[in-house]
Amino acid sequence: MPQGSHLGRKRMDKYTGKSRYKFFYMVLMCCAVWCVIFYFPFFTFETTTHYRSEGILGHGRENQNILPPKPQAPKPQAPKPFLKALKTAENSSDPCGGRYIYVHDLPAKFNEDMLKECRRLSLWTNMCKFTSNAGLGPPLENTEGVFSNTGWFATNQFAVDLIFRNRMKQYECLTSDSSMAAAVYVPFYAGLDISRHLWGYNISVRDAASLQLMDWLVSRPEWGINKGHDHFLVGGRITWDFRRLTDSESDWGSKLLFLPAMKNMTMLVVEASPWNRNDMAIPYPTYFHPAKDSDIIEWQNRMRGMNRPSLFSFAGAPRPDIPTSIRGQIMDQCKKSNVGKLLECDLGESKCHSPSTIMKMFQESVFCLQPQGDSYTRRSFFDSMLAGCIPVLFHPGSAYAQYIWHLPKNYSTYSVFIPEDDIRKRNVSIEQRLLQIHPDQVKRMRDEVIKLIPAIVYADPRSKLNNFKDAFDIAVQSMIDKVTKLRSDIIEGREIEDYQEDEGSEQSARKWEGLRREGEQTWDEFFSKPKDEASGKTESNNAKQESAGINQEKHQAEKKA
């Protein structure tokens, strides 16, 4: 091989060796660089985290500029939509501040259309005459001189839906701006609606209007202000007519008060449930509807001066189909007493259906006996007070745990309480019990009863009282107070639960709580729910109704005293 070729190959081999060395060196360096890039940050982060967790870092100069994270500021809460309504109460120049009422403009099928078919409102009574005169009914004649010359009407005991709405039309603080409203009134004639469907209709018909109303309400922007907690409506019947527990066709009434949205609202009824929170009791309407202050003053003065020859009286019929009723024993005592008077009612037409006969007997009595009727309450309680007669009650559910907005908490100032068991089991003499009350105490009690007359009557909706608050005024203001407290609780962070289930939570709605006098035992025994003997579980609404003595399947409930 030529020498030049040999030298060239040696040079090439030398060059190739150096190139391979440089190539491997460059690869090695690249790997080292990438390892540093990828490994070092993770190592530093993990080491720092470990040291911080062990409390090692933070003492050197290199860490003096490391500051703890700043606490995040709380997110500002969205303004409550009802603040505008609360602030109106702070305006001293506004006489309606904190008292505004917004009235929903309901479709006519929920109110006015019912009146156009007034003959269908009751299976047993032609209600057309009772819907006249803004719901007061026809004027009463005063042929026997029992009444005043004006202000007396043949008012149906279940007409308060209509009376209340007509009074609301004259309310001085109505507003078209729902954001200013202290409460929202829903003018649904709930009592008239269910009264036309109680007998002979299936549950779909009985519930139809209530379901349609709830759908309509929750779709309205006014509902969103308080999710319905500021809404109220009136049902001029007892609460059990709206508390059907099951969907059995044989069960009683509608399920209005058990509908989810309705549990946020408040319903004003003539008899409320002692256990549930979404209803409150307001007085039954009486026959007296004063148009001006002087009507009340003149009547009160007349009742103070009445001669009352009878120590006690009772107007009513026995309840043989209610085993726990004490009416039969009360009637027997009336018959045997020389100072007692009895107006015995039967199933047909009787003097018990004559307002003048009933009022005359009450006016001539010092005490009026008021046992339970077909349910806890009866209209006669208010008729007797209107006559200046001191009511004698036998169950706290007949008034004390009912009309807590309208009657004094200290019931002994205006009434006498004799527990039912004293009559049922011990056959206590009512006459002797009443004779033990000192005449001075009797006078004080009668004065208190007469003083309460404005609070238990509904003024004529076509006029206005000036210096007296009637049953409507008290109910509206009490409803406003209830909503205002609820809104204040929300602002202070005490959130309320929507659609609160009341069944099984009776401890939260004990309307009789705090009503007993000092030294008395609790009244829980009067409101204990019957127990199912087989399961030991508390029965719910049906048991409540039975324990209240409700005679559901007989239409005489519409007519009996």
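This note goes through salt bridges in a predicted model.

1. Overall count. Searching the whole structure gives 30 salt bridges. The points below take up some of them, along with the solvent exposure of several partners.

2. Arg 487 and Asp 230. These two side chains form a salt bridge with an N to O distance of 3.0 Å. The pair joins distant parts of the chain, its members lying 257 residues apart. Arg 487 sits in helix α16, which spans residues 471-491. Asp 230 belongs to the loop between α7 (223-226) and β4 (231-238). Both Arg 487 and Asp 230 are buried.

3. Arg 120 and Glu 117. A salt bridge connects the side chains of Arg 120 and Glu 117, at 2.9 Å from N to O. Arg 120 has a relative accessible area of 36%, so it is classed as partly exposed. Glu 117 has a relative accessible area of 40% and is likewise partly exposed.

4. Asp 421 and Lys 425. In this salt bridge the closest N and O atoms are 3.7 Å apart, and the pair counts because the cut-off is 4 Å.

5. A network. Which residues are linked in a network of salt bridges? The members are Asp 207, Arg 244, Asp 247 and Lys 255.

Note on methods: Residues are numbered from 1 along each chain as its sequence is written. This is a predicted model: local features need pLDDT of at least 70, side-chain atom pairs count only at pLDDT 80 or more; totals for chains, interfaces and linings use all residues. Side-chain values use heavy atoms; hydrogens and water are left out. Buried means under 20% relative accessible area, exposed over 50%, partly exposed in between (1.4 Å probe, protein chains only). Helices (H or I, at least four residues) and strands (E, at least two) are DSSP runs, numbered from the N terminus.
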